There are 2 protein chains.
Amino acid sequence: MTETREPTAEGVARAARKVAEILPVTPLLPLEVDGRTIWCKAECLQPVGAFKIRGAWHRLTDLSAEERPRGVVGVSSGNHAQGVAWAARRLGITAAIVMPVDAPQVKLANTRALGAEVVLYDRPGGEDRDEVAARVCAERGATLVHAYADPWIIEGQGSTGIEIAAQMEQWAGGAPDLIVAPCGGGGLTAGLALAAPDARIVPVEPEGWDDVRRSLASGRIERVAADAPPTACDALQTPATRPVNFKVLQARCPFGLVATPAEVRAAQRLAFAKLRLVMEPGGAAALAAVLAGKVELGERTAVVLSGGNTDADAFAKVLAGND
Amino acid sequence: MTETREPTAEGVARAARKVAEILPVTPLLPLEVDGRTIWCKAECLQPVGAFKIRGAWHRLTDLSAEERPRGVVGVSSGNHAQGVAWAARRLGITAAIVMPVDAPQVKLANTRALGAEVVLYDRPGGEDRDEVAARVCAERGATLVHAYADPWIIEGQGSTGIEIAAQMEQWAGGAPDLIVAPCGGGGLTAGLALAAPDARIVPVEPEGWDDVRRSLASGRIERVAADAPPTACDALQTPATRPVNFKVLQARCPFGLVATPAEVRAAQRLAFAKLRLVMEPGGAAALAAVLAGKVELGERTAVVLSGGNTDADAFAKVLAGND
């Protein structure tokens with residue numbers, strides 16, 4: 001239903017123009033790693049604390065006059081939820097968000113605070129979130145706004161790459177030749193691939209949730225194992241990518257990487273101390289892989305810090321640890 | 001020695017042009033407070049984690065050919081130290097920084113990591129930091145770069161206000177009519193006053209360290225009491241403002257405000273949850289006063305979040321608390 005067309009580079013450029021009208025450019029912060037400078041795109045500073053606001057804005061502003069009054073339904077562990085809720089409130093569109101019962105409290109609270117209705121589903125119990133969302137859409141005649149398997153969402157997230165390119169031209173002397181980004185379902189990474197045709201794009205997933213890495217290796221869409229371990233990277237807990245994403249990723253990403261829980265925590269601590277940024281675990285996955293030396297750096301490397309919505313207790317524990 | 005001329009609005013404009021060549025504009029983040037939007041200038045995202053890099057850059061780039069090889073001496077609890085060290089390294093100038101033995105470890109470590117020599121003095125024991133700095137300057141023929149009582153430093157810090165005005169013109173529909181800022185010796189606040197002649201400027205100090213507030217009330221420079229309480233706001237622990245600062249402040253600030261320790265912690269927690277920013281206590285003082293309802297908001301209110309250098313243990317304790 002959501003894969004009605006292919007996402008395009010022209011769509012990314014159009015999304016970037018729309019986003020530039022309402023959202024200030026997030027900073028691209030230099031960070032020294034082993035004597036070299038990498039450039040960190042601080043998407044955790046978006047109004048909802050994550051890049052997801054971009055795709056939601058691109059999708060909702062393109063709804064037809066018939067679709068708008070029937071509202072939208074989002075499916076999300078939290079950041080896409082807040083992005084859809086933010087865009088919907090600004091446009092006066094009704095939004096319902098299907099969220100897992102075990103999402104971080106801060107994400108549930110923030111989504112409700114933005115005026116969206118939250119419909120909970122039983123993720124730990126194995127309930128299928130897409131089935132729940134399809135049912136809610138059918139009941140209301142609403143438009144499904146998928147978190148990643150949607151050409152508008154991919155194009156909107158890709159606007160991150162347009163900003164990175166412009167900022168690196170000014171401050172780093174040229175366009176990025178490598179972009180490392182956290183990867184859940186592949187919306188952001190596919191968008192970055194369309195935005196930056198000359199850069200290597202490296203997706204990073206949490207340990208045990210590396211379906212995109214395995215899919216790139218096998219050449220077909222693989223699913224996360226049913227007994228996947230728990231992960232603090234709730235934003236990257238997607239069971240599988242989709243054809244609309246995988247087609248782009250397969251053409252542009254030779255491989256994917258995995259970040260371990262300890263590597264993610266180390267990245268959160270470094271971002272705290274050196275960038276003064278609050279990163280949620282999933283948002284720090286790409287930085288984690290870079291700091292762990294898992295990526296051969298480019299001449300001009302960009303790393304996306306994709307989100308910063310984390311509960312205070314969880315973050316305090318990360319800061320207090322030293323593993 | 002450092003008050004050889006008056007700081008001017010033209011000097012602020014010149015500093016802003018110099019700063020714009022080397023430092024990307026820090027974001028101005030909207031924050032809803034009681035249904036109204038305030039605009040938070042995230043100076044904690046500067047490369048050294050504080051606005052102090054501005055004044056240091058303006059001062060050091062204006063050193064004469066005779067002064068440069070003799071080096072500079074800074075006096076600082078930490079953020080000015082890092083600003084001077086950063087600018088000195090970039091310009092190839094030798095820097096020694098006089099710092100208190102009880103400065104946060106992260107500030108001492110970061111200053112040394114930037115290549116500066118650290119000369120410790122006994123703040124808890126009552127040693128006078130200006131005397132120590134004067135001695136080091138005399139020994140080396142170096143130029144003293146005072147943390148606030150210096151026209152270049154005031155002008156450089158004022159470049160923050162030039163950026164705020166441009167950003168608010170674009171996103172808030174006009175220049176700020178109120179700027180609330182943390183205040184130690186009055187370098188930043190005096191610079192903001194010169195940068196924004198049409199805005200009310202409100203300095204905020206920590207409880208017990210409100211010498212500027214008392215000075216504005218009495219009309220003459222007052223000192224912090226010898227038995228002032230300990231404060232987490234180490235960046236704002238200055239014993240007294242100086243004539244070069246006070247002259248500007250007296251002309252523009254009808255009053256100053258105080259933030260209590262609990263108000264500062266609440267502001268740090270809010271910045272964590274809503275802005276995804278790491279604020280040090282002193283950097284959060286102005287936001288603390290605004291959140292506590294101590295300032296009558298303007299039509300377009302800017303709040304400076306001045307620094308984010310804090311130890312992980314201290315920040316974890318703030319997050320875990322709920323007072």
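Biologist: In this predicted model, what distance separates the centres of domain 1 and domain 2 of chain A?

Modeller: Chain A is divided into domain 1, residues 9-51 + 155-320, and domain 2, residues 53-145. Taken over C-alpha atoms, the centres of domain 1 of chain A and domain 2 of chain A are separated by 22 Å.

Biologist: Which three residues supply 28% of the area that domain 1 of chain A buries against domain 2 of chain A?

Modeller: The contact takes 30 residues from domain 1 of chain A and 22 residues from domain 2 of chain A. About 2,100 Å² is buried between the two domains, and carbon and sulfur atoms give 50% of this area. On the side of domain 1, the 28% comes from K18(A), I22(A) and V48(A).

Biologist: How many salt bridges are counted between domain 1 and domain 2 of chain A?

Modeller: A salt bridge requires a side-chain nitrogen of Lys or Arg within 4 Å of a carboxyl oxygen of Asp or Glu. D62(A) and R14(A) meet this rule, because their closest N and O atoms are 2.5 Å apart. Between domain 1 of chain A and domain 2 of chain A, the count is seven.

Biologist: Which helix packs on the sheet and touches β3, β4 and β6 of chain A?

Modeller: Four strands of chain A form an open sheet with parallel pairing, in the order β5-β4-β3-β6. The edge strands, each pairing on one side only, are β5 (117-121) and β6 (143-145) of chain A. The helix that packs on this sheet spans residues 79-91, and its direction makes about 170° with that of β4(A). Its name is α3 of chain A.

Note on methods. Residues numbered from 1 in each chain as written. Chains lettered and ligands numbered in written order. Predicted model: local features only at pLDDT ≥ 70, side-chain atom pairs only at ≥ 80, totals over all residues. Heavy atoms only, no water. Pairing = 2+ DSSP bridges. Helix = DSSP H or I, 4+ residues; strand = E, 2+ residues; numbered from the N terminus. Contact = heavy atoms within 4.5 Å. Axes fitted to C-alpha atoms, helices over the stretch in contact; angles between N-to-C directions. Domains from an automatic or database assignment. Buried area = accessible area lost by both parts, 1.4 Å probe.
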